[in-house]
Amino acid sequence: MNTASSDLLTLVLGIFGVLILASAIGYVLQRRFAATGPNAAVDNLNARIKAWWVMVILIGIAFIAGRVGVLILFAFCSFAALREFITLINTRRADHWALASAFFIVLPIQYYLLWTKQYGIFAIFIPVYAFLLMPIISVLRGDTERFLLRIAEVQWALMICVFCVSHVPALLTLSIPGYEGRNVLLIAFLVIVVQLSDVLQYVWGKLFGRTKIAPNLSPSKTVEGFVGGVISATLIGASLSWITPFTPFQAGVLAFIITLMGFFGGLVMSAIKRDRGVKDWGNLIEGHGGLIDRLDSVVFSAPIFFHIVRYWWSLS
Amino acid sequence: MKIMIAEFAAAAFVLFARAITAVRAIWPEHGLPSRPCVYFANHSSHGDFVLVWAVLPPRLRKLARPVAGAEYWLKSKISTFIGRDVFNAVLIEREREKRTQDPIALMTSAIDDGSSLILFPEGTRNLTDARLLPFKSGLFHLVSARPDVELVPVWINNLNRVMPKGEIVPIPLICTVTFGDAMRIMANEDKDAFLERMQSALLALAPKPLGTGE
């Protein structure tokens, strides 16, 4: 067994340990507070923990399957996220072909470019080609009603759901001296730090939350949760430096940036939900809502993390 | 052999519909009737009954037969196979002058055989901006003949955006199918009052339009 897969194994066992602990706590809470009747908060917590098991196992399977598995997993995430996003935006019949090409042409090409490791075009395909070609497809039908709004929303959907999400598997294309064959652990680092930061903000907020941080956007987010979550996720990030090419200090700084981006990403995506008048993006993940509800912080941190690592560590 | 292909095709339709629309059912407070009943839904796409069919629990799905226009489904060999064998549709002739069989008689005999019906009382696909077209009288004549049968309103949301009229490529969008509580015709209820009550029960299930805030 090489070091990448033995580190991965240690990591997976560690995550299973955390999940077993979480399930045990959920069980105790269930017995104490929800034994006689349903308790919405406890039931939601347990649904969330159950969904975490499924998500961890799916990601684990993708990691074992290697590059193909990771690409397929995130291509599927892009597809499901794009579906949730487009469901909520203003589209008209004239956008039909533009939307069909977003799903069936732009999305597959973006992941194909990753598969063939053509970084130069991967990085500009959606910001340049899709950006210019999608409004052309829409304009051909001659429907000008709310035109700017419609094309802007489709471009935003593609940037968030395809472009940003694809920067998670893009970490596999970096070549970092002394870190060959271990890139999948960079994905693990990013996903673990972002998601733990979300979970820890939720836990700190539930335990000590008093002051709302953004009452108009996300009534459940508190200053105490934010500070506690960011500090603890940064420390966890630093302690995970053994799976990365970074020193503990560097890992901590990167984890800090990731958690900040993730937090503000969550706020931005909440604002969009408020604007559209919905509570969740969908219902794909029991207890969490839609896939975007789980992915919002990854979406905002992945491209920044990718480019920082690429700029300072990678040769390609 | 034919039955096997039909069952396989039915499963494929359901799988495809689910993959594209990630369709989710929202059940009524008191659950669905376990006895055969009439599901009546808004109609904006050819895929409507597939979605209703796909979300029904398997036990109820086996009983459910869509009511569809014979003119449309008997056009070609393939569509006849899909209509008759795959979905076991009750095919009725919509044009009054050319009818050889009474649609109400076909529907009541399906109910008497223990089937449920999936019915679109607007009579045709709604391609207008109105949320619902006025109901045709068929639903009333049906329950006049079988007053005990329960009626379940079903609102299908978003499918018209997945595949608008004249398009051939479906766009993946999330659809929901909302079932309401079962109703019956009331004693001495006249046609207009009954149809009015059914229309408002169905409209009550429709979600608010997007972007209108909370």
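What relative accessibility does A:Arg150 have, and does that count as buried or exposed? A:Arg150 has 0% relative accessibility and counts as buried, where buried means under 20% relative accessible area, exposed over 50% and partly exposed in between (1.4 Å probe, protein chains only).

## Basis of the report

This is a predicted model, in which local features need pLDDT of at least 70 and side-chain atom pairs count only at pLDDT 80 or more, while totals for chains, interfaces and linings use all residues. Residues are numbered from 1 along each chain as its sequence is written, chains are lettered from A and ligands numbered from 1 in the order in which they are written, and side-chain values use heavy atoms, with hydrogens and water left out.

## Salt bridges in chain A

Over all chains, the search of the whole structure finds 11 salt bridges, each defined as a side-chain nitrogen of Lys or Arg within 4 Å of a carboxyl oxygen of Asp or Glu. One of them joins A:Arg182 to A:Asp7, with the closest N and O atoms 2.9 Å apart. This pair links distant parts of the chain: A:Arg182 is in the loop between helix H6 (147-166) and helix H7 (184-208), A:Asp7 is in helix H1 (residues 3-33), and the two are 175 residues apart. Helices (H or I, at least four residues) and strands (E, at least two) are DSSP runs, numbered from the N terminus. A:Arg182 is buried at 12% relative accessible area, and A:Asp7 is buried at 15%.

A:Arg294 and A:Asp198 form another salt bridge, their closest N and O atoms being 2.9 Å apart. A:Arg294 lies in helix H10 (residues 291-312) and A:Asp198 in helix H7, so the pair ties together parts that are 96 residues apart in sequence. The relative accessible area is 9% for A:Arg294, which is buried; A:Asp198, at 18%, also counts as buried.

A:Arg150 forms a salt bridge with A:Asp95, and the closest N and O atoms are 2.9 Å apart. Because A:Asp95 lies in the loop between helix H3 (67-87) and helix H4 (96-115) and A:Arg150 in helix H6, the pair ties together parts that are 55 residues apart in sequence. A:Asp95 is buried, with a relative accessible area of 1%. A network of salt bridges links A:Arg92, A:Asp95, A:Asp143, A:Glu145 and A:Arg150.

## Strand E7 of chain B

Strand E7 (residues 176-179) of chain B is covered on both faces: B:Thr176 and B:Thr178 on one side, and B:Val177 and B:Phe179 on the other, are all buried.

Strands pair if DSSP finds at least two bridges between them. Strand E1 (residues 24-26) of chain B pairs with E7(B) in the parallel sense over three bridges, and B:Ile26 stands opposite B:Thr178. Strand E6 (residues 150-157) of chain B runs antiparallel to E7(B), joined by four bridges; B:Asn157 has B:Thr176 as its bridge partner.
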